[in-house]
Amino acid sequence: MDKIETIQEGYVTKVITHLNYLKQERLPTQWCPGCGNGIVLKLVCQAMEKLNFSQKDTVVVSGIGCSGRSAGFFDLDSVHSVHGRAIPVAEGIKNVNQALNVIIISGDGDLLGIGGNHLLHASRRNTNISIICIANSIYGMTGGQSSPTTEQGSRTLTAPEGNADTPIDAQAILKAHNSYYARTTVFHFNHADKCITESFKHEGLSFVEIRTQCITNDGRRRGFKNAYEMLMSYKDTFKINDNTDTLEHNEIGIIR
Amino acid sequence: MTKILLQGNQAIAQAAVKAGLGFYAGYPITPASEILHELVDKKTVKLLQMEDEIASINAIIGASLAGAKSMTATSGPGFSLMQESIGLAHMMEVPLVIVNVQRVGPSTGMPTLPAQGDVMQCKYGSHGDYFPIVFYPNSVDELYQYTFHAFNAAEESLSPVILLSDGYVGHLYETIETKEYEISKRTLPPLGTSNRHFTGLTHEGSLPATSDPEIHRKFIKHLEKKQKKVAKKYNGYEYIENASSDTLLIAYGALSRVSYHFKDDFAIYRPVRIFPMVEDIKEIAGQYKKIVVMEMNAGQYVNEVERMLHRKVHLISILGGKIDLQEIWTKLRRFRRDT
Ligand code: SF4
């Protein structure tokens, strides 16, 4: 038994090297089985590996929420700031050390709700940071309240009859200031990989809105039987369109 | 040493640059804006005008972690907005200097008029337990000097240090001699050198979060011990003895300047490091029958003094931003020995 584990460990570190970006002793994550956050973590590691990012030149910053725990998994210097403030923290870091790759991973409630004002102005300043927004359309950690990206009509803890508000148009904010914006989903793995890798390469502010499932506090309430069903719903809902300067509601792609 | 005419706010900015300020983020607010203005175009300072004070404090937290001595300045309304992240900086142990040039509150209050209503906010403004070091100078010269101390204390304690001022001292012009002060070096290795995790969650070592009460208790104890130890290096206060008086008059900041007028009738104690309170006050106060705290609020520091001394302390409250010698004397004269 011991031997097999050693071999497996050797296999993990040798072949799937992108996992080296994570603190192995912290895995598996504490996220719910079927949560999409882990897929995003893997995608980010993969992109880091492709671009040869290292401990010496990369910092990950998070806010608060389920996805706010992301920073703590990285085997790099990382900052877990307060709710909504990952962007100004990251801007402070980048302005002091331009050589650092500064990556934010946080949720839609954190980045577009409580922290929305900072996105508005960071994109105006066009600070060279990459923001990976895990958009699961719900406040997962606090039990399933409506979030800034909750679809109209979607049932949540705070909108049992269906959410009345229009979801936020992150694309419009980023486009207005000529920043990089990409929308993708955790189902479209290769597309998401491209969106994130490109965002890391982009000079200036970049924002990737990655549609992700929260089975525990969103999917269940909306009638999904399991995380797989939620994941497959992205396949049916979203079409890739990389040749447009405005993504329709059901399209994913990159706008520069 | 050179003699120059400086405004209080300018003195803070110029001293900060000399103390090694590398990054400043701020949002305009009266009566603190001159600090921001003075730092524009300083070659050694990266300056960001942010969208609000919340962004400002968080930007300097990031900047400090990234390796730059960092500062922000504001007044009461902005200081209120910063409170959550002041707690974060204590939890993550980030050295910062935060200047608060007080004005009349609550809320928008009376901008430009001085007040001392943020004294308790300095100590208790953020949620949870922390033990901030707070300096409150009363002259341009002292603001200059204590800006250095604030930066040094921040580095030594790895915590946000608050430099308190008010609309009066901040806008005051005085001629000062700019001396060279000692400058503490950075001890915190910058981001991008390791695999540390800075978090606002209770944590220990590589454990990014815990609900173990023992770890939390240990951490709070550590904060308290560390802050007290560093504070001891900066035992700033002024004491004007008066053997013919049985009353000790305590005042700080703008009002302490007025208190000098009454030194023939009273002994005077002026704390500069207002938190943690300087222990010497116990011995000094022991020599007087009556203790009076005079402050520009409805009674804040008076409670702290009372708590420290375990005895009745009288209050003279000056509200509304107006400093009128006649009015103060009317309130004060009843404490004279011969009445
Ligand atoms: S509550 Fe939702 S977002 Fe949070 S870990 Fe569970 S599935 Fe993921």
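Predicted model: local features only at pLDDT ≥ 70, side-chain atom pairs only at ≥ 80, totals over all residues.
Local features are reported at pLDDT of at least 70 and side-chain atom pairs only at pLDDT 80 or more, whereas totals for chains, interfaces and linings use all residues; side-chain values rest on heavy atoms, with hydrogens and water left out. Residues are numbered from 1 along each chain as its sequence is written, and chains are lettered from A and ligands numbered from 1 in the order in which they are written.

Secondary structure follows DSSP runs numbered from the N terminus, with helices (H or I) of at least four residues and strands (E) of at least two; two strands pair if DSSP finds at least two bridges between them. An open sheet of 9 strands with mixed pairing is ordered E9(A)-E10(A)-E7(A)-E8(A)-E4(A)-E3(A)-E1(A)-E2(A)-E9(B). Its edges are strand E9 (239–240) of chain A and strand E9 (197–199) of chain B, each of which pairs on one side only. Within chain A, strand E7 (residues 180–185) runs parallel to strand E8 (residues 206–211) and is joined to it by 6 bridges; A:Thr184 has A:Ile210 of E8(A) as its bridge partner. Between the chains, strand E2 (residues 77–80) of chain A and E9(B) run parallel and are joined by 3 bridges, with A:His80 partnered by B:Thr199.

At the interface, 35 residues of chain B are in contact with 30 residues of chain A (heavy atoms within 4.5 Å). The two chains bury about 2600 Å² between them, 58% of it on carbon and sulfur atoms; buried area is the accessible area (1.4 Å probe) that two parts lose on being put together, summed over both. The count between chain B and chain A is 2 salt bridges, a salt bridge being a side-chain nitrogen of Lys or Arg within 4 Å of a carboxyl oxygen of Asp or Glu. A:Arg125 and B:Glu51 form a salt bridge with an N to O distance of 2.8 Å. On the side of chain B that touches chain A, strand E3 (46–49), helix H3 (53–66), helix H4 (76–92) and E9 each supply at least two residues. H3(B) provides the largest share, 8 residues. By class, this side of chain B has 18 nonpolar, 12 polar and 5 charged residues.

Most residues other than glycine have a negative phi, and most peptide bonds are trans. The bond joining A:Leu27 and A:Pro28 is cis, with omega about 0°, and A:Pro28 is found in the loop between helix H1 (2–15) and helix H2 (37–50) of chain A. A cis peptide bond also runs from B:Gly105 to B:Pro106, with omega near 5°. A:Ser137 has a positive phi near 65° and lies in the loop between strand E4 (130–135) and strand E5 (138–139) of chain A.

Over all chains, the salt-bridge count comes to 27. A:Lys201 pairs in this way with A:Glu198, their closest N and O atoms being 3.7 Å apart; both residues lie in helix H7 (residues 189–201) of chain A, 3 residues apart, about one turn of the helix.

Conventions. Nonpolar A, V, L, I, M, F, W, Y, C, P; charged D, E, K, R; others polar.
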